[in-house]
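Reader: Hello! Could you walk me through this model and the terms behind it?
Author: Gladly, here it is.
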Amino acid sequence: PEEGKAEFDLNVQYGKKEFIEGQETNTLGYNGDYLGPVIRVDKGDDVKINVNNGLDEPTTVHWHGLEVPGEMDGGPHQVVDPATSWQPHFTIDQPAATLWYHPHLLHKTGEQVYKGLAGLFYIEDEQSKELDIPKEHGVNDIPLVIQDKRFSDNGEMPYELNMRDVMNGFLGDTVLVNGAIAPELDVKNEVIRLRLLNGSNARSYDFNFSDRSAFHQIASDGGFLETSIEMNELSLAPAERAEILVDFSDYRVGDEIVLRDGNDEVMKINIVEESTDSSDIPESLVDIVEYDREEVVKTRRFVMSGMGPMVAINDKQMDMDRIDEHLNLNELEEWVISNDSAGMGMMGETPHPFHVHGVQFQVIERNGVEPPLNEQGWKDTVMVESGEEVRILAKFKQKGLFMYHCHILEHEDAGMMGQFLVE
Ligand code: C2O
Ligand code: CU
Ligand code: CU
């Protein structure tokens, strides 16, 4: 393609996939049976995407984490009817990041994502190209889309919500990595970059390695952190992303390490070849200019409450015809997001990962204190546990109508979502 221009086709289609040997599962996918291609663009690119809906139901395609005008955002207003196309176009104007795309049809997001509609969206820039980190896609720079499913006896993945699913969101008992159950990854004994997306409807993960070895987080939802952060365990809420570097240089050919969620196996990593590369983990990564709280023009509060079908934000449920908040372009705002479900007793104590469209924000406080280091980079989704209060600073650089919502998709579909207009 021409320099600075990028065009992609995304065909939304029905698929069939053998997740379990000998059993065929009905799925949805983009350009294939399950999930979608990794879309890779550079900062500054003019991007055009041809979304063709081959389903016999409507869908939308939302670019989660991208800062694009409201009418290109792919939210519930940009419906793509069956056998029609939608051609969003936008210029990439934000730092290198691992973003993703998925449907956002009103009341149907949970089902369409669950059946397989999701894909990664990478932005690269000067810095991501210059940093001394692994960059070979599929070799030492590995995309990992983590999801949980429930298979029925005949191998299908029915999306039927029982009362517990309505309350907590749809939780599976089988973890998929890039659409595979318990896959194995073969690598050399060197530094490996894993780009993790929690693409699950409702489950949060606590990632760690079976030998409890340390790893380094280098990027959060919206791009690189200022410095790499050493950790032994990483929590990811639905829709959150993290890039981590794992140094396998002390391992030998034949060793195996298991990526786990708590104590549960997610993926086996096999060291299959001696590396000739000797790169380490860089300490300093990029500069992030911190927003100045003194410049906040407007403070807004978002209280998440209720349970099951009654979940709400500021006591309201999503109404396509109601604009909940009016914002001014390029003004710094402070949003105070709280989760009021604690008062409801054990049953109601639900975590709510809060997501805002069209912006990458900075988390400045979690329960009155500085957030953990790995929340101090660009974020578009932030976990708010029962009883917690999180403060973020955000500057909206795109005009149009956008959503904020809980990213437990069953909560979103039940109405835990609102709309804001940036003018
Ligand atoms: Cu990832 Cu409004 O969504
Ligand atoms: Cu989004
Ligand atoms: Cu929620």
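Author: Two strands pair if DSSP finds at least two bridges between them. Strands (E, at least two residues) and helices (H or I, at least four) are DSSP runs numbered from the N terminus. This is a predicted model, where local features need pLDDT of at least 70, side-chain atom pairs count only at pLDDT 80 or more, and totals for chains, interfaces and linings use all residues. Residues are numbered from 1 along each chain as its sequence is written, with chains lettered from A and ligands numbered from 1 in the order in which they are written.

Reader: How do you know that β10 and β14 pair?
Author: DSSP finds 6 bridges between β10 (residues 141-149) and β14 (residues 191-198), in the parallel sense; the rule asks for at least two, so they pair. One bridge joins L144 to its partner L196 in β14.

Reader: What order do the strands of the open sheet take?
Author: The 7 strands run β12-β11-β10-β14-β19-β16-β17, with mixed pairing. β12 (180-181) and β17 (223-231) each have a single partner strand, so one side of each lacks a neighbour in the sheet.
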